[in-house]
Amino acid sequence: MTVGNRNIPISSNMQRRDLLKFMGAGAAAITVGGLPRVAFAQDKTVAFWATATLDIGEKWQEFASQAGVTPEFTDNGNDVGPVVARLAAGNANDLFDVGGLQGGAEKELARQGLIIPWDIAKIPNYEGVWQWAKDIPYLKHEGKQFGIPTVVNADSIIYRPDKLGKVDSYGVIFDPKLKGRVAMEDAWINSAVFAAMYLKESENQPIKEPGNLSESELGLVMEFLIKHKKDGQFRTFWNGWEQGVQLVANEEVDAMTGWEPIVYEGRKRGLQVEYAAPVEGYEGWGNNTVLLKGAGDRGTADAAHEFVNGLLAGFYGCELGKARGYLVPTDSNVAYAQAHPSEYAPEEVQKLGDHVKAKFGGKVYWQNCRPDNFQLYEEWWQKLRNA
Amino acid sequence: MKLPLSTLAGLMSAPALAIIAMGLAPLAVVVVWSFWAWDPSTYWIKPELSFAGYAGILEAGRWTVILSTFAKAFLTAAICLLIGFPTAYAVHFLASRRLAVVLLALMTIPFLTSYLIRSFSWRLVLGRTGVINTLLQDAGLTSAPIDWLLFSDFAVIVGLVASYLPFATFPLILAMQRLDPVAIAAARDLGAGFWTVQRTLILPLTISGVFAGFLFVFVMTLGSSTEVQMLGGAGASIVSVMINDVMRVANYPLAFAISTVVLAVVFGLVLLGNRAFGLSRLFEDRS
């Protein structure tokens with residue numbers, strides 16, 4: 001078959017994929033009132049389906065010229081449940097080559113054959129990834145590399161030192177003296193981990209892995225949260241960036257578990273806000289890239305490897321750090337900034353890297369978007385809501 | 001003017017198809033899928049009869065969320081009617097034409113902003129350092145911020161009423177426009193006072209508008225989540241928040257079962273309401 005008058009042969013597989021993409025574009029236009037990104041003029045393209053925060057917008061063009069492969073970015077909505085379902089029972093594997101997901105779902109996806117392992121030999125820049133990022137527990141399944149750590153950070157407590165002095169424990173969140181003056185995030189994926197870390201480290205409760213609680217451990221953690229909720233401990237459970245910022249900025253709470261950028265925003269608004277380094281450790285999180293089975297079927301796996309190699313080459317890390325304060329865990333970022341000081345300040349890039357590295361120098365428990373008992377987590381979260 | 005049947009069928013076919021394709025078909029799918037089983041190997045559903053979704057509603061207190069959602073929707077709709085009825089009366093009977101336009105615009109303008117912004121603004125009004133607490137403390141009426149103004153059921157109802165009030169007011173204005181002014185004048189000439197006219201004439205003749213307003217607000221509240229998440233207390237829930245939670249763990253039969261229960265109640269309400277209050281009268285030709 002040929003396309004237009006250019007006489008370019010395309011395979012039947014490509015026809016199907018393009019048709020599906022076209023249909024997907026129509027659906028996207030209907031549901032969100034927008035159109036997906038149009039590919040830049042490059043021979044090799046990779047359909048990258050990831051969390052919106054991994055998108056670098058028009059900078060993909062420069063990325064493409066450096067990496068030699070053009071990403072077509074599509075927001076996956078970030079919620080892992082619908083993403084997994086679309087991979088398992090929908091058409092995601094027909095449309096996309098590479099996925100970008102919150103860490104934890106790799107094992108499940110690999111077990112179902114929805115993602116295929118990376119060949120690290122084809123990703124030379126993987127060598128430069130920091131060892132602790134390579135050691136993230138969800139990246140491998142049965143000895144094979146299914147996830148590449150693309151963005152990492154670690155979360156703890158945002159607090160007001162003018163009200164509380166120095167805070168160095170999650171105990172502040174559960175301190176009855178602060179009844180109604182604290183908050184947690186409205187998501188078990190984070191709040192259950194924070195509570196489990198506190199119970200394990202400071203209350204010596206029998207919890208093995210806060211990111212993957214057994215049935216009895218989960219019961220223990222959630223009963224603890226339910227008790228505190230019933231006692232009126234929490235002012236609210238917050239949702240989303242703006243709500244988090246507002247809680248701090250308008251002095252609704254004195255301490256809450258949350259994301260570090262909220263601290264920076266609070267300071268910008270003239271507040272004295274600090275980010276705690278808790279004795280119980282940080283909650284680490286990673287957004288990992290996975291190779292979708294469809295890429296293997298269509299023969300685009302090599303291009304996908306080149307794309308991921310590009311993500312770790314430095315430019316992407318510098319851009320993501322500058323735009324969002326996110327960290328790609330590799331020294332390539334600093335090297336790139338040093339080679340292009342007019343585009344990215346090397347000292348800023350270094351500072352961001354050192355800051356995140358320091359967090360991971362101590363105790364870290366990893367966030368897990370798909371713990372073994374994930375449906376039980378939801379059930380307990382409903383109980384907490386209704387308590 | 002009577003149209004030939006073929007012309008009528010031609011004109012109606014496109015909207016009828018649109019309603020079936022975009023309205024009824026997805027709802028039918030939701031109802032059917034609510035009886036299918038979840039398949040852990042595919043994270044999707046499989047066509048095997050299962051009541052697991054409905055059984056799940058009885059677990060983890062989910063049924064209490066459904067009940068409290070209906071209670072919130074009922075309360076919001078009732079408050080909207082209490083405020084909307086006199087508002088509609090003022091717009092239609094008391095205000096000059098120009099003032100009526102201004103009042104309608106004032107009701108509509110907030111809807112040009114996003115519902116997220118509207119809810120968010122209530123946090124700035126009701127919060128510890130918000131407008132109301134500041135005023136109360138400045139006036140010496142309170143010595144410390146009142147906490148329950150925000151992150152409470154009170155705040156949720158305030159947010160919901162503010163969001164959906166126009167949906168109660170506009171059907172009432174529409175219903176009042178259908179009233180015959182001669183009948184009202186006649187009642188007054190015969191000695192009926194203000195409240196008697198309201199009770200025996202205006203309310204009975206606008207009851208279809210009252211029910212339409214109630215229904216609009218009730219249904220929209222059932223589908224809302226932002227107000228609850230932004231203004232409610234720790235972990236506050238409503239049906240749409242609960243469905244989101246369930247979808248996150250890919251428990252589709254449960255999500256569909258919750259939706260089906262809500263749909264059944266709403267359809268039942270529409271049918272009962274139409275029978276009791278003559279909703280369709282609102283769309284009848286006045287001539």
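What is the mean pLDDT of chain B, and what percentage of its residues reach 70 or more? The mean pLDDT of chain B is 90, and 97% of its residues reach 70 or more, where pLDDT is the predictor's confidence in each residue, from 0 to 100. The structure is a predicted model, in which local features need pLDDT of at least 70, side-chain atom pairs count only at pLDDT 80 or more, and totals for chains, interfaces and linings use all residues. Residues are numbered from 1 along each chain as its sequence is written, while chains are lettered from A and ligands numbered from 1 in the order in which they are written. For the complex, the predictor gives an ipTM of 0.83 and a pTM of 0.83.

**Chain A and its strands**

Chain A contains 17 helices and 13 strands; helices (H or I, at least four residues) and strands (E, at least two) are DSSP runs, numbered from the N terminus. Of the 387 residues in chain A, 51% are buried. A residue is buried if 20 or more other C-beta atoms lie within 10 Å of its own, exposed if 12 or fewer, and partly exposed in between, with C-beta atoms placed from the backbone. Among the contacts in chain A with a separation of 6 or more, 73% are between residues 24 or more positions apart. Two residues are in contact if their C-beta atoms, placed from the backbone, lie within 7 Å.

Strand S1 (residues 45-50) of chain A is mostly covered, with 5 of its 6 residues buried. S1(A) runs parallel to strand S2 (residues 70-75) of chain A and is joined to it by 6 bridges; two strands pair if DSSP finds at least two bridges between them. Within this pairing, A:Trp49 has A:Thr74 in S2(A) as its bridge partner.

Strand S9 (residues 234-238) of chain A is largely enclosed by the rest of the structure, because 5 of its 5 residues are buried. Strand S8 (residues 182-185) of chain A runs parallel to S9(A), with 4 bridges joining the two, and A:Ala183 is paired with A:Thr236 of S9(A). A:Trp238 also lies in strand S9 of chain A. Leaving aside neighbours within four places in sequence, A:Trp238 is in contact with A:Ala183, A:Glu185, A:Asp186, A:Gln243, A:Gly244, A:Leu247 and A:Met256. The C-alpha atom of A:Trp238 is separated by 29 Å from that of A:Gly317, 79 residues apart along the chain.

**The nonpolar core**

The largest nonpolar core has 172 residues. Such a core is a set of buried Ala, Val, Leu, Ile, Met, Phe, Trp, Tyr and Cys residues joined through C-beta atoms within 7 Å. The residues with the most contacts inside this core are A:Val98, A:Ile158, A:Ala255, A:Leu291, A:Phe307 and B:Ala168. Helix H7 (residues 153-177) of chain B gives the most to this core, with 13 residues. Not counting residues up to four places away in sequence, A:Ile158 touches A:Val248, A:Ala255, A:Met256, A:Gly258, A:Ile262, A:Val263, A:Val273 and A:Tyr275.

**The contact between the chains**

On the side of chain B, 30 residues are in contact with 31 residues of chain A. Helix H3 (62-94), helix H5 (115-126), helix H11 (226-231) and helix H12 (239-248) of chain B each supply at least two residues of the side of chain B that touches chain A. H12(B) gives the most to this side, with 5 residues. The residues of this side of chain B divide into 13 nonpolar, 10 polar and 7 charged. Here Ala, Val, Leu, Ile, Met, Phe, Trp, Tyr, Cys and Pro count as nonpolar, Asp, Glu, Lys and Arg as charged, and the others, Gly among them, as polar.

**Helix H1 of chain B**

Helix H1 (residues 5-33) of chain B bends by about 35° at B:Ser13, and B:Pro15, a proline, follows within four residues. The bend at a residue is the angle between axes fitted to the seven residues ending there and the seven starting there. H1(B) is hardly covered, the count of buried residues among its 29 residues being 0. B:Ala28 is found in this helix, H1 of chain B. The C-alpha atoms of B:Ala28 and B:Thr260, 232 residues apart along the chain, are separated by 9.3 Å.

**Individual residues**

Two residues other than glycine have a positive phi: the value is near 50° for A:Glu142 and near 60° for B:Ala250. A:Glu142 lies in the loop between strand S5 (140-141) and strand S6 (144-145) of chain A, whereas B:Ala250 is found in the loop between H12 and helix H13 (252-277) of chain B.

| Residue | C-beta neighbours inside 10 Å | Class |
|---|---|---|
| A:Glu142 | 9 neighbours | exposed |
| B:Ala250 | 27 neighbours | buried |
| A:Trp238 | 29 neighbours | buried |
| B:Ala28 | 11 neighbours | exposed |
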